[in-house]
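Have a look at the model below. This report covers its helix packing, its ligand shell and its domains.

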Amino acid sequence: MIGQTATSDVILRTERVSKQFGKFTALKDITAEFRRGAITSIIGPNGAGKSTYFNLLSGAFPPTSGQVEFEGRDVTGLPQHKFAHMGVAKSFQITNVFPQLSTHENIRVALQALSSRYNIWTPRTSYKDLVVQADELLHRVGLWSRRGRLAGTLAHGEQRALEIGMALASHPRLLLLDEPTAGMSPEETRVMMDLIVQLAQERTVILVEHKMKLVMGISDRLLVLHHGELLAEGTPADIRRNETVKRVYLGQREH
Ligand SMILES: Nc1ncnc2c1ncn2[C@@H]1O[C@H](COP(=O)(O)OP(=O)(O)OP(=O)(O)O)[C@@H](O)[C@H]1O
């Protein structure tokens with residue numbers, strides 16, 4: 001019974017996942033659960049294994065050993081597009097928009113890619129529907145006023161918001177974000193953090209971030225990685241008072 005209650009709250013879990021790159025162990029035996037509806041941040045110093053873990057969670061590559069479960073189903077090693085189909089979307093550290101297309105066209109491309117890939121037996125979404133849906137997504141990520149601008153001319157923070165808008169095209173239940181504020185000014189960072197909190201009201205969010213202070217205020221739970229191992233897990237308050245975490249992580253000046 002206890003097990004059953006626990007699983008219904010859990011959207012994603014990893015069971016003893018490890019990742020080797022040749023002889024190098026980038027991740028070692030990570031067992032962790034991600035709660036539905038929560039913002040969970042994966043934090044840790046440079047080289048801790050955060051991006052590697054993110055890639056395992058999003059299906060970019062499989063673990064060397066161990067298992068990844070999404071909504072109770074073993075998804076270890078499933079191809080990337082299946083993750084999107086199941087309701088998982090992600091946005092990377094590197095901005096991934098089409099610079100020569102307008103903001104609105106970028107979103108339409110994302111919407112079209114989905115409608116053609118997954119609805120092969122039904123007619124393509126009409127142009128009018130696409131325009132309406134794209135406008136709605138642009139509103140949601142705060143870019144409606146930029147709809148006609150070429151994506152390449154948007155500020156860095158706006159490009160990242162656009163990328164998230166494109167990720168939302170598939171109506172994901174789980175949104176994975178890898179360092180969403182990388183390279184942003186303090187103002188852009190604040191806008192992005194507000195957007196993440198707002199998006200998390202409707203879906204589960206997991207984000208990777210190495211700036212710990214930044215995510216302390218918005219996360220429900222945190223996982224701390226260090227040298228490829230899970231050092232600690234808990235609420236921001238748990239992590240703040242964890243002596244081991246303080247030693248290896250908070251002591252670092254930048255954070
Ligand atoms: N494809 C790869 N081949 C070999 N080693 C790799 C590969 N990808 C990552 N690593 C190594 O694995 C370790 C963890 O890397 P990872 O990028 O996951 O860390 P991170 O916590 O995301 O770091 P950062 O905050 O700097 O992005 C690092 O030592 C890195 O050099």
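Axes are lines fitted to C-alpha atoms, for helices over the stretch in contact, and angles run from 0 to 180 degrees between N-to-C directions. This is a predicted model, in which local features need pLDDT of at least 70 and side-chain atom pairs count only at pLDDT 80 or more, while totals for chains, interfaces and linings use all residues. Residues are numbered from 1 along each chain as its sequence is written.

Let's start with two helices, H6 (residues 156–168) and H7 (residues 186–199): their axes cross at roughly 20 degrees and come within 9 Å. That makes H6 roughly parallel to H7 (angles under 35 degrees count as such). The residues that make the contact (C-beta atoms, placed from the backbone, within 7 Å) are listed here.

| Helix | Residues in the contact |
|---|---|
| H6 | His156, Gly157, Arg160, Ala161 |
| H7 | Glu188, Val191, Met192, Leu195 |

By class, this contact of H6 with H7 has four nonpolar, two polar and two charged residues (Ala, Val, Leu, Ile, Met, Phe, Trp, Tyr, Cys and Pro count as nonpolar, Asp, Glu, Lys and Arg as charged, and the others, Gly among them, as polar).

Now to the ligand. Among the residues surrounding it are Phe21, Lys50 and His210 (C-beta atom, placed from the backbone, within 6 Å). Helix H2 gives the most to this shell, with three residues. The shell has four nonpolar, seven polar and one charged residues.

Finally, the chain is divided into domain 1 (1–87 + 176–183 + 204–255) and domain 2 (94–171), with bounds from an automatic or database domain assignment. Four residues of domain 1 are in contact with four of domain 2.

Conventions
Helix = DSSP H or I, 4+ residues; strand = E, 2+ residues; numbered from the N terminus. Contact = placed C-beta atoms within 7 Å. Parallel < 35°, antiparallel > 145°, perpendicular 65-115°, else oblique.
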